[in-house]
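Here is a short tour of a protein model, written to be read with the structure open beside it.

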Amino acid sequence: PTTWQRIGFCASDCVDGGAVNSKTGGQNSVPVQLEVILYYKLRTENAPEIFDRYPRLNWHADYVQKAKSAIQSAINKQTLDELITKRESVAQYLALAVNSELQAVDGMVVACYLGSLSLADSSNQAYIAQRVTQRNALTSQIAGEIQILQQQTKADVAKEQVKISTLLSESYATTNTTVAEARAVGSEEILKAQGEAYQMLKTELAPK
């Protein structure tokens, strides 16, 4: 055939088998079941070799076994977080792993899609507990940073208040000094005017 051929591993309605069972990689390795749908093509330019290798035309069954083994090994190299949050890159990684196996027998992967990911109940609860712990730790860290920021903000505000109080005090002192000086000058002018008026009046009243 020259059209795309399908290999499906899913929980139900897949003739090639159920979801692939494997264990994740990383420190917290857990058993998982992953649904994977692959499409492949035969390299028709190598038709003579294909018919020699598969005289009964049973290449599909062989491809299914090779694909399943490659997927299981590929899952072993992925962490649970990657399987959950980086599905596109995981699908590409699995496709390359399967393609490497099929190329050796004149096949090639043309598409790969991931279905549902399932964990055993115990693993699922452990994962949820781990994520909750990580979230709480992150929340505590952020809360601590907020407290530090609030304390720093209060300290900065206090410094600004001190600067404002000092500035007001200096302005008050300067203003009072200026007012006092102005009043003194004014009083001196008044006294001087009073003295000159007194002298003029005294002159007017003096006997002639």
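## Helix H4 and its cover

Buried residues in H4 are Val90, Ala91, Leu94, Ala95, Val98, Asn99 and Leu102, where buried means under 20% relative accessible area with a 1.4 Å probe, counting protein chains only. An α-helix has 3.6 residues a turn, so residues three or four places apart point the same way. Cover for the buried residues of H4 comes from elements including S3, H2, H3 and S4.

The length of H4 agrees with expectation, because its 17 residues should span 24 Å at 1.5 Å a residue and its end C-alpha atoms are 24 Å apart. That expected span is 1.5 Å times one less than the number of residues.

## A buried asparagine

Asn99 belongs to helix H4. Its relative accessible area is 14%, so Asn99 counts as buried. What does the side chain of Asn99 reach? It comes to 2.8 Å from the backbone nitrogen of Val109.

Beyond its neighbours within four places in sequence, Asn99 is in contact (heavy atoms within 4.5 Å) with Gly107, Met108 and Val109.

## The largest nonpolar core

The largest nonpolar core holds 33 residues, and those that touch the most other members are Ile7, Val36, Leu38, Tyr63, Ile71, Leu94 and Val98. Two or more residues each come from strand S1 (5–9), strand S3 (31–42), helix H2 (59–75), helix H3 (80–85), helix H4 (87–103) and strand S4 (107–119). H2 gives the most, with eight residues. Such a core is a set of buried Ala, Val, Leu, Ile, Met, Phe, Trp, Tyr and Cys residues joined through side-chain atoms within 4.5 Å.

Take Ile7 as a place to look: leaving aside neighbours within four places in sequence, its contacts are Asp16, Val36, Ile37, Leu38, Tyr40, His60, Tyr63, Val64 and Ala67.

## The whole chain, and how to read it

Five helices and four strands make up the elements of the protein, in the order β-β-β-α-α-α-α-β-α from the N terminus. Helices (H or I, at least four residues) and strands (E, at least two) are DSSP runs, numbered from the N terminus. Of the 208 residues, 25% count as buried. Among contacts with a separation of 6 or more, 69% join residues 24 or more positions apart.

This is a predicted model, in which local features need pLDDT of at least 70 and side-chain atom pairs pLDDT 80 or more, while totals for chains, interfaces and linings use all residues. Residues are numbered from 1 along each chain as its sequence is written, and side-chain values use heavy atoms, with hydrogens and water left out.

Notes: Buried < 20%, exposed > 50% of the residue type's maximum accessible area, 1.4 Å probe, protein only. Polar contact = N/O pair within 3.5 Å; in protein donor to acceptor, adjacent residues only side chain to side chain.
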